[in-house]
Amino acid sequence: MFQRLTPQTSEPIVALMQEALRDQNPNKLDLSIGVYFDDSGITPIMRAVKAAEAQRLHSESTKTYIGIEGDTRFTALIRDLTFGSTLPQERSAGIQTPGGSGAIYVASEVYGTINPSAYVWTSQPCYQNHLAAFGGSGFAIKFYPYLSADQTLDFDAMLDCLERGTNTGDLVILHASCHNPSGVNFTIRQWQALTSLFQARGVVPFIDLAYQGFGDGLTEDAAGLRHMASETRNAFVSVSCSKNFGLYRDRAGALFMVTENDRQSQLALGAMQTMARRIYSMPPHHGAEIVKTILSTPELKDDWEAELDEYRTRLNRIRTRLAASLQRYSNSNEFDFIADQRGMFSLLPLAAPQIARLRQEHSIYTVPIGEQFARINVAACPENGTDHLAEAIVQIL
């Protein structure tokens with residue numbers, strides 16, 4: 001039986017992470033894996049998470065199942081964090097999912113039952129899990145342009161592509177903030193323009209909110225999403241708590257479907273429950289319980305927001321320092337875009353041979369994106385390590 005299986009390609013980011021772990025160079029920099037690191041190289045457990053876990057240790061009385069749709073109180077709190085007061089309650093349905101990736105896959109399977117012949121559009125470059133989920137659900141994938149040569153948003157080209165190419169019912173994937181892998185975001189006016197286009201074309205937005213609070217703030221990072229969700233007839237929104245709560249391995253997330261009315265919301269909820277039952281049956285609860293405890297306890301929520309602000313401030317500080325270091329070593333402003341981008345990721349203009357040299361000669365690990373870019377996790381560079389990174393990049397260029 002098993003001889004019928006074919007060898008599978010290793011997941012490149014995991015392979016890079018394993019190679020970096022084996023690297024004995026004390027000056028190595030693993031900028032590949034997409035998690036937040038502090039200056040000591042640790043992914044910390046947030047203070048509010050520790051406090052919430054301590055509370056749960058004493059108060060939790062059972063480990064029984066929580067139901068297919070998960071913890072409804074968690075979902076309600078995440079809904080408020082995501083949409084604020086902009087979307088009437090009856091216009092959305094939501095379930096708890098195993099992280100953001102679980103939400104993406106449930107959405108792809110649900111939409112496969114609604115409109116299997118639709119095209120799914122995503123940015124070029126894109127987040128690979130979107131391709132894996134929607135492609136695995138049988139959708140044909142198309143790409144819209146995203147970056148210009150100077151690594152700013154090529155919004156005119158994007159808008160023109162979607163206006164000419166999309167059909168009614170097509171699904172367009174957008175990042176709410178902190179675009180992965182580029183760090184380039186929309187302005188609120190661009191969100192408004194996209195909303196108008198989607199309304200005119202009958203396009204369904206899929207908005208991925210994975211980094212709320214990592215860009216410009218909790219409210220600011222959701223502003224475009226809130227506008228689009230409130231103004232469009234239908235939308236999907238996936239939410240991850242991995243980054244902004246630091247709950248990577250605890251897999252806490254949610255999926256929301258935006259509808260026109262309460263009757264449609266009930267139908268949407270039933271579709272999500274059916275698909276969740278088929279894929280994983282019941283979601284894990286520990287991470288969701290921690291998030292619920294934090295968001296429903298004022299002092300914990302305040303401390304969580306304060307620490308999240310510290311993360312964001314540090315990220316932006318590293319960006320500024322790295323851009324300055326690169327400017328100093330290269331004697332050019334070619335890399336100034338790094339300071340203007342947001343979130344954990346940026347793209348460096350490196351081809352595969354240069355990426356290999358960076359790894360082999362300097363023990364600096366980056367993720368190849370297409371044929372001309374290397375993705376770096378800015379959070380994995382210590383604040384005092386920007387000169388070391390900049391010098392190595394300029395040397396191999």
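The structure is a predicted model. Its largest pocket has a volume of about 1100 Å³, and the second largest pocket has one of about 460 Å³. Helices α2, α10 and α11 pack against one another in pairs: α10 with α11, α2 with α11, and α2 with α10.

**The largest pocket**

- The volume of the largest pocket is about 1100 Å³. It is lined by 43 residues, of which Ile13, Tyr127, Gln128, Asn180 and Arg375 are the closest to its centre.
- Six elements are named as giving two or more residues to this lining: the helices α1 (12-22), α4 (99-114) and α5 (128-136), and the strands β4 (140-145), β11 (367-369) and β12 (373-377).
- Helix α5 provides the largest share of the lining, with 4 residues.
- Sorted by class, the lining holds 24 nonpolar, 14 polar and 5 charged residues.

**The second largest pocket**

- The second largest pocket, with a volume of about 460 Å³, is lined by 21 residues. Those closest to its centre are Val204, Arg233, Asn234, Ala235 and Val258.
- At least two lining residues come from each of α4, α7 (188-201), β6 (204-209), β7 (235-240), β8 (252-258) and α9 (262-279).
- The largest share here, 4 residues, belongs to α9.
- The lining divides into 13 nonpolar, 6 polar and 2 charged residues.
- Helix α4 contributes to the lining of the largest pocket and also to that of the second largest pocket.

**The three-stranded sheet**

- Strands β9, β12 and β11 form an open sheet of 3 strands in that order, with antiparallel pairing.
- Each of β9 (345-348) and β11 has a single partner strand and stands at an edge, so one side of each lacks a neighbour in the sheet.
- On average, neighbouring strands of this sheet are turned by 35° against each other, direction ignored.
- The antiparallel strands β9 and β12 are joined by 4 bridges.

**Packing of α10 with α11**

- Helix α10 (residues 286-295) packs against helix α11 (residues 298-330) at an angle of about 105°, and their axes lie 6 Å apart. The two helices are therefore roughly perpendicular to each other.
- Thr293, Ile294 and Leu295 of α10 meet Leu300, Lys301 and Trp304 of α11. These contact residues comprise 4 nonpolar, 1 polar and 1 charged.

**Packing of α2 with α11**

- Helix α2 (residues 47-59) and α11 have axes 8 Å apart and pack at an angle of about 150°. Roughly antiparallel is therefore the description for α2 and α11, because angles over 145 degrees count as such.
- On the α2 side, the contact is made by Arg47, Ala48, Ala51, Ala52 and Gln55; on the α11 side, by Leu300, Asp303, Trp304, Ala306, Glu307 and Glu310.
- By class, the residues of this contact are 6 nonpolar, 1 polar and 4 charged.

**Packing of α2 with α10**

- The axes of α2 and α10 cross at roughly 105° and come within 9 Å. These helices are therefore roughly perpendicular to each other.
- Ala48, Val49, Ala52, Glu53, Gln55 and Arg56 of α2 meet His286, Glu289, Ile290, Thr293 and Ile294 of α10. The contact residues divide into 5 nonpolar, 3 polar and 3 charged.
- Ala48, Ala52 and Gln55 of α2 take part in the contact with α11 and in the contact with α10.

Terms used:
Residues numbered from 1 in each chain as written. Predicted model: local features only at pLDDT ≥ 70, side-chain atom pairs only at ≥ 80, totals over all residues. Heavy atoms only, no water. 1 Å grid on protein atoms, 1.4 Å probe; cavity = no way out; pocket = protein on both sides within 12 Å on 5 of 7 lines; lining within 4 Å. Points joined across faces, edges and corners; volume = space filled by probe spheres on them. Nonpolar A, V, L, I, M, F, W, Y, C, P; charged D, E, K, R; others polar. Pairing = 2+ DSSP bridges. Axes fitted to C-alpha atoms, helices over the stretch in contact; angles between N-to-C directions. Parallel < 35°, antiparallel > 145°, perpendicular 65-115°, else oblique. Contact = heavy atoms within 4.5 Å.
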